[in-house]
Amino acid sequence: MNECKTVTLRTRPLKNRMLSFYLDYYPGCRDMETMKVIRHESLGIYIYANPKNKREMDFNQVMAEKAEAIRCRRFESVVNERYDFFDKYKLKADFLEYFRNQLRKHDPKWEFVYLHFSNFVHGKCSFEEIDLDLCNKFREYLLTARKLKRNGRITRNSASGYWSTFRGLLKILYRNGMIKTNVNDFLDKIETEDVVKDYLSVEELYKLAETPCKKPVLKTASLFSCMTSLRISDILALCWEDIVDYSAGGKCVHIITQKNRAEDIIPISEEALNLIGYSPDKRGMVFREMQRCWTQTYMKEWIRSAGITKNITFHHARHGFATLALSKGMPIESVSRVLGHTNIVTTQLYAKITTQKIDHDLTMFGDKLSQSFGNTQMA
């Protein structure tokens, strides 16, 4: 398509003897945000079609001048775009509004970053304020920020993830000509720290399987998650129609994950199918009676009644899948793919847990062997 050559101010008649101003772009102007071609833009400015007195004529003159000023500004933006001049009016635009409009295109983490940044700037920020100093201060804010919905501060690893997302947004801004400088090149990342992840051992899983739960569907969903690695969001959205034939034989879950909207194919064992009572003729939600709030009180009661003192949540079922799969010899690359990790470094955290468990078991075996050898010598 040819570049926009002219921006003309025009009017169209309304029913109540008024005229509405609009801009006519010829042959059209592409919105670089939506990528749609705009040919007409309503200005929301109205004048009298046939002014009857001086007051109405004065009103028409003032409104016409405002409309013409907007036309000049739009045409200047078109020229700046054509000849690669920086548009000064973009700098005055509301950055938070732009950020907010981006949320629907990305995963939920973006909303947390937006809310933290909005808190940081007290709800007001233009594009011209996005500079190195402001970004570094936002980095410092994240390192000490409090959680949005709960008590306590966000973890360093969460701060690192939020900061990485914000830096990704800065790249988009620079690429789209929204900011003058690629400030991202001058920003340091927030280093993550290793954390000890709680996990369910095989023995603890057996305990949970044998322990009654006030909400049986919660128990079934938790064990199913442990056998398939599905997140709580995917469990709640899972339909019987998502369970399909697997190319290598058997069945698999074929879904678009709720967290990152990525396609995922996860093989399902016969044990997992029996657990949920799978039948090819079933339709609708698999866990239709399940409620997310149950993963708090009822989940904790169930875990305590099983005699488990670890701080276990529903998400730890995924941890359990990872550690079990790795301990059974599944290649870490395969485990990473099933878990949907974009970076295998994330999966390696579970490999550390598995290694620690093996070391623990070997130590206990060595202790028992030493005791046995000592008793033999005494005899």
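Figure 1. L115 is placed in helix α4, residues 109–120; helices are DSSP runs of H or I with at least four residues, strands are runs of E with at least two, and both are numbered from the N terminus. Together with F112 and L148, L115 makes a nonpolar surface patch of about 200 Å². Patches consist of residues with over 30% relative accessible area and no salt bridge, like charges being joined within 9 Å and nonpolar side chains (Val, Leu, Ile, Met, Phe, Trp, Tyr) within 5 Å. A salt bridge is a side-chain nitrogen of Lys or Arg within 4 Å of a carboxyl oxygen of Asp or Glu, and accessible areas come from the Shrake-Rupley method with a 1.4 Å probe, only the protein chains shown counting as cover for residues. The model is predicted: local features need pLDDT of at least 70 and side-chain atom pairs count only at pLDDT 80 or more, whereas totals for chains, interfaces and linings use all residues. Residues are numbered from 1 along each chain as its sequence is written, and side-chain values use heavy atoms, with hydrogens and water left out.

Figure 2. Strand β1 (residues 6–13) runs antiparallel to β2, to which 8 bridges join it; strands pair if DSSP finds at least two bridges between them. P13 has L19 of β2 as its bridge partner. Between the two strands of this hairpin lie 4 residues, and R17 in the turn has a positive phi of about 50°.

**Figure 3. The open sheet β1-β2-β3.** The antiparallel sheet is open and has 3 strands in the order β1-β2-β3. β1 and β3 are at the edges with a single partner strand each, so one side of each has no neighbour in the sheet. On average, neighbouring strands are turned by 25° against each other, direction ignored. Between β2 and β3 (residues 37–48) there are 8 bridges; Y22 is the bridge partner of S42 in β3, and R30 stands opposite V37. Of the 13 residues of β2 (residues 18–30), 10 are buried, so this strand is largely enclosed by the rest of the structure.

**Figure 4. The largest nonpolar core.** This core has 34 residues, and F224, L238 and F314 are among those with the most contacts inside it. Such a core is a set of buried Ala, Val, Leu, Ile, Met, Phe, Trp, Tyr and Cys residues joined through side-chain atoms within 4.5 Å. The largest share, 5 residues, comes from α8.

Definitions and conventions:
Buried means under 20% relative accessible area, exposed over 50%, partly exposed in between (1.4 Å probe, protein chains only). Axes are lines fitted to C-alpha atoms, for helices over the stretch in contact, and angles run from 0 to 180 degrees between N-to-C directions.
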